[in-house]
Amino acid sequence: QGPPMIDADLRSRAAKVVPGGMYGHLNAALFAPGYPQFFARGEGCRQWDVDGREYIDFMCSWGPVVLGHRHPRVEEAAARQAALGDCLNGPGAIMVELAELLVDTVPSADWAMFSKNGTDATTQALMVARAATGRTKVLMAHGAYHGADPWCTPSLSGTTPNERADLVEFTYNSLESLEAAAATVEGDVAAIIVTPFKHDSFEDQELVEPAFARGARALADRLGAALVIDDVRAGFRIDLRGSWEPYGVRPDLTAWSKAMANGYPIAAVTGTDALRGAAQTLYSTGSFWFSAVAMAAAKATIETLRDTDGIAAMNNAGAQLREGLYEQAKAHGFAVNQTGPVTIPWLSFAGDADLSVAMYWSDACLRHGVYVHPWHNWFMSAAHTEADVARALEGTDQAFAETRARFA
Ligand code: PMP
């Protein structure tokens with residue numbers, strides 16, 4: 001294979017017609033130097049960049065691809081709907097079928113509303129909470145990502161202080177801090193929004209303390225506020241019923257997106273009967289929110305995850321990857337932390353505050369055909385077989401060896 005010419009050419013053309021050449025979370029300039037910006041195709045757990053380099057993919061397009069790229073059952077459902085029409089004067093029957101499927105699958109869901117991106121869903125969930133309570137403030141964890149609208153984007157560029165004024169921050173997993181945050185705006189808390197585990201970029205992930213989850217539920221009840229779980233990132237990779245269901249904690253509202261349709265654009269808010277009336281009062285919509293193809297893909301994705309126990313497959317592959325990486329790191333003399341659920345893993349190097357080791361290692365992984373990320377969690381898919389993970393581990397072993405040589 002020759003040098004990466006096509007990617008380089010596309011980057012220089014993009015620099016002239018796209019601000020910064022690329023923007024947002026897929027901007028390869030933010031990762032290690034060898035990361036390709038442009039991709040040509042994906043199949044199963046593999047992706048190929050525009051220069052033809054093949055990768056075993058542990059980012060899954062940053063979450064959406066949960067069954068593997070171009071999964072036959074999802075593609076067939078999407079194609080069947082596309083042949084009939086996608087964007088029509090009203091939704092297809094598929095909207096009702098998908099809402100029924102979510103209500104049947106998710107115990108905290110008595111209804112569903114659909115949109116496109118995770119940010120639509122988190123924003124819409126907070127609108128429902130505010131409509132229901134007539135209150136203003138939202139408690140959110142410091143450093144948590146809930147999307148890229150002005151109220152929540154991590155960069156303040158282009159936002160006004162007013163757009164952030166209704167957020168009160170607490171420390172994830174600290175009930176004391178959550179209660180203190182609530183006390184500063186006593187009587188005006190519309191919602192507590194919380195991710196199912198702490199998955200902030202640049203730091204080790206943290207599973208939720210069950211007592212924190214239960215305490216957040218109890219506090220929301222005491223305040224008369226809505227407990228909103230932002231399951232955009234973790235949804236459909238931990239528990240199809242909702243990511244806090246294993247702890248017996250049910251939210252009032254849940255935001256879903258990413259893995260819901262195996263890469264087709266769709267998001268949802270689900271909620272309880274008590275909030276149905278408030279949800280009904282919103283004017284919340286979009287030109288493409290009711291497109292039928294993504295809904296057909298979502299129904300096929302959720303049914304396939306259910307029928308094939310896709311989460312168990314991801315757990316197996318994720319456990320194999322985690323164990324293999326631990327053994328290799330140890331053999332090469334690195335202390336590493338592997339955090340988060342094995343279906344949404346991340347690896348960091350101990351003492352690597354400036355991420356230079358992680359940057360070097362992930363770049364080396366790329367050169368050996370394994371796509372991981374230096375500072376954002378990774379994602380497993382149900383398409384990762386034991387053989388795929390074993391093949392990937394050959395690449396990561398070489399990457400550890402090269403990293404050891406570089407940082408000897
Ligand atoms: N919430 C969480 C927890 C997320 O991880 C993301 C996306 N990374 C969002 C919200 C926003 O989703 P989207 O990028 O689809 O708007």
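I began with strands β2 (residues 46–49) and β3 (residues 54–57), which pair in the antiparallel sense over 3 bridges. I note here that the model is predicted.

**Entry 1: the β2–β3 pair.** I looked up a bridge partner next. Then I checked the link between the two strands. β2 and β3 make a hairpin, with 4 residues between them. Gly 52 sits in that turn and has a positive phi of about 85°.

**Entry 2: the β1–β2 pair.** I moved to the other neighbour of β2. β1 and β2 run antiparallel and are joined by 4 bridges. Which residue of β2 does Arg 41 stand opposite? I found Trp 48 there. Gly 42 stands opposite Gln 47 in β2. This pair is a hairpin too, with 2 residues between β1 and β2. Its turn holds Gly 44, whose phi is positive at about 55°.

Entry 3: I then traced the strand order. The sheet is open and has 4 strands, ordered β1-β2-β3-β13. Its pairing is mixed. Which strands lie at the edges? They are β1 (39–43) and β13 (370–371), and each pairs on one side only.

**Entry 4: the domains.** I turned to the chain as a whole. It is divided into domain 1 (5–62 + 310–406) and domain 2 (72–308). I noted that domain 1 is written as two segments. The C-alpha centres of the two domains lie 27 Å apart. In the contact I counted 20 residues from domain 1 and 18 residues from domain 2.

**Entry 5: the interface.** I looked up the area buried between domain 1 and domain 2. It is about 1600 Å², and carbon and sulfur atoms give 58% of it. How many salt bridges are counted between domain 1 and domain 2? The count is 0. Polar contacts are present, with 12 residue pairs found across the interface. I then asked which elements supply the side of domain 1 that touches domain 2. Those giving two or more residues are α10 (310–331), β11 (336–339) and β12 (346–349). α10 gives the most, with 3 residues. I sorted the residues on this side by type: 12 are nonpolar, 8 are polar and none is charged.

**Entry 6: salt bridges.** I went back to the overall salt-bridge count, which comes to 21. I picked out one pair. Arg 217 forms a salt bridge with Asp 221, and their closest N and O atoms are 2.7 Å apart. Where do Arg 217 and Asp 221 lie? Both are in helix α7 (residues 210–223). They are 4 residues apart, about one turn of the helix.

Note on methods:
Residues numbered from 1 in each chain as written. Predicted model: local features only at pLDDT ≥ 70, side-chain atom pairs only at ≥ 80, totals over all residues. Heavy atoms only, no water. Domains from an automatic or database assignment. Contact = heavy atoms within 4.5 Å. Buried area = accessible area lost by both parts, 1.4 Å probe. Salt bridge = Lys/Arg side-chain N within 4 Å of Asp/Glu carboxyl O. Polar contact = N/O pair within 3.5 Å; in protein donor to acceptor, adjacent residues only side chain to side chain. Nonpolar A, V, L, I, M, F, W, Y, C, P; charged D, E, K, R; others polar. Pairing = 2+ DSSP bridges.
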